[in-house]
Amino acid sequence: MPTSTDTDCVIRLDSLSMLYPTKSGGTVQALDDVSLSVRAGEFISIVGPSGCGKSTLLRIIMGLSRQTSGQVTFGPSDDTHRNQLGMVFQQPLLLPWRTVRKNLLTSPDLHHARDAATHAKADELLVMLGLEEFGDRYPNELSGGMQQRVGIGRALMHDPRILLMDEPFGALDAMTRDQMGLDLLKIWDQDRKTVLFVTHSIPEAVLLADRVVVMTPRPGRLADVVEVALPRPRRLENINTPEFGEIVLKIRKLLDSEHSAH
Amino acid sequence: MSTQTLEAPANSDTLVRGRRRRVPEITYSVLVFIGLLVVWQVVVTMFDISNILVPAPTAVAGSLVDGFQDGSLLTHSVVTLKEILVGFGIAVGSALVAAVLITQFRAVERVLFPLLILTQTIPKVAMAPLLIVWFGIGISSKVLTVALIAFFPLLINAILGFRSAAYEQVEMLRSFGASRMQVMRHLQIPSALPHIFAGLEVAVILSVTGAVVAEFVGSSEGLGYLIQASNFTLDVARTFAVIVVLSAIGIALHAAVVQLGKWLVFWTATPTDTAGEV
């Protein structure tokens, strides 16, 4: 059994493979031999074409799906359980009968852990997300961007060490999306959680991440891992610098060559 | 009246209340209804139509007043209302339990669901005479007819409701470590409520029909019995009076269900109406 010697490593994926049975009796390979080490506090973006298994990867880490073979190890002492993971989905998935505050309190409510401390934490999150005036509103009174902020806040409520984000801004319009990305960086900068961020957008991936994992279409393999050595804090203007353009181009070429190879 | 509608309301509060106070469609509906009553009255008086064929609205009103004064309408109403409420209650309870079992356990669904669809095709009122044979002329046969007739629309809507929660929502809760029971409590039950209330609205009206039909088939009391007795003695005004009371019961029960639904399902502006399909 491979164990991490790197003490910084919080998630280690060893030759993960995932096969789905299809209705016609065959199988679809969603992931093929994916190995990756994620360091503590690292922001990793995962890009790839639709159906390359990006979401499957996050679901396996989260424990919502079970891999066909391979292993997920949490480091450094493998004491990381589900409650140290927080997941943000593509849709906000708020419960419409709960106020914004109560949606934030979803996780403590499920663990019967709602107390003064969790209420204080919810207040703190409302301020951090710019929603302090919306705590007692219902989700249908909020815009899409605000709803997704609540979705992010809900994942942060139990203060997880690792944040898994599955195309969280995919359903938002372009301008809201840019703003949300920058806001996410600000939140991330406060306590540097480890983030795995799945996206379709290459510029978004580069703007946010320390490393960009590029995946191939079916079966999902790691094409390459691209280092993003741009200074932080990042701003939207970074997108127009030549360094940024170079990295985006490099990723695009990786994706294109994988496409033509198939 | 036209000048009143043109008035600018002072603030948003009066705007809302004002709108509610003068909904034109309702006003017109009431006026048309009163107009029809007047026409009815005039036609009956002018052509001197026999009371045995069509009684005048005033005769119906008179019969209503008489019926309540001598207590007969009230005692029979209480009997029918009891049948409706008990039968409806049984239908709600059993339909909800059945819906939970069907949606939570694959095996139950595989065995029961085809049978339920099959029994759906039986006209339930046709069962009323059998139920009288089996359970006698008393209240239990009526209660069971009501329960039978109200059960299916409730069940179908409740099944739809318990299945209506998006899979992504289930996964979201699971990602926070929710158990199956917690997914049920925090997601599937609240998601089912709009559908359940759509079913309740249909079922409550069907319950009234069920009680009356069962009483037609065989009974010694209740509003259905009273209609048959009045018809037998050619007291058509009283038949009409009973129909008015039955409508009032139906409207009141329906309104109660709608009101409860608005209160419980506050998060959807318009409850999903799946009832039409049943």
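In this predicted model, 12 residues of chain B are in contact with 16 residues of chain A, where contact means that C-beta atoms, placed from the backbone, lie within 7 Å. Helix 9 (167-175) and helix 10 (180-217) of chain B each supply at least two residues of the side of chain B that touches chain A, and helix 9 of chain B gives the most, with six residues. Helices here are DSSP runs (H or I, at least four residues), numbered from the N terminus.

Residues are numbered from 1 along each chain as its sequence is written, and chains are lettered from A in the order in which they are written. Because the model is predicted, local features need pLDDT of at least 70 and side-chain atom pairs count only at pLDDT 80 or more, while totals for chains, interfaces and linings use all residues.

Helix 4 (residues 57-69) and helix 12 (residues 236-264) of chain B pack at an angle of about 70°, their axes lying 8 Å apart, which makes helix 4 of chain B roughly perpendicular to helix 12 of chain B (a term for angles of 65 to 115 degrees). The table lists the residues that make this contact.

| Helix of chain B | Residues in the contact |
|---|---|
| Helix 4 | B:A59, B:V60, B:S63, B:L64, B:G67 |
| Helix 12 | B:A237, B:R238, B:F240, B:A241, B:V244 |

Away from these contacts, A:L164 touches A:L58, A:I61, A:M62, A:L85, A:M87 and A:L196, not counting residues up to four places away in sequence.

Note on methods
Two residues are in contact if their C-beta atoms, placed from the backbone, lie within 7 Å. Axes are lines fitted to C-alpha atoms, for helices over the stretch in contact, and angles run from 0 to 180 degrees between N-to-C directions. Angles under 35 degrees count as roughly parallel, over 145 as roughly antiparallel, 65 to 115 as roughly perpendicular and the rest as oblique.
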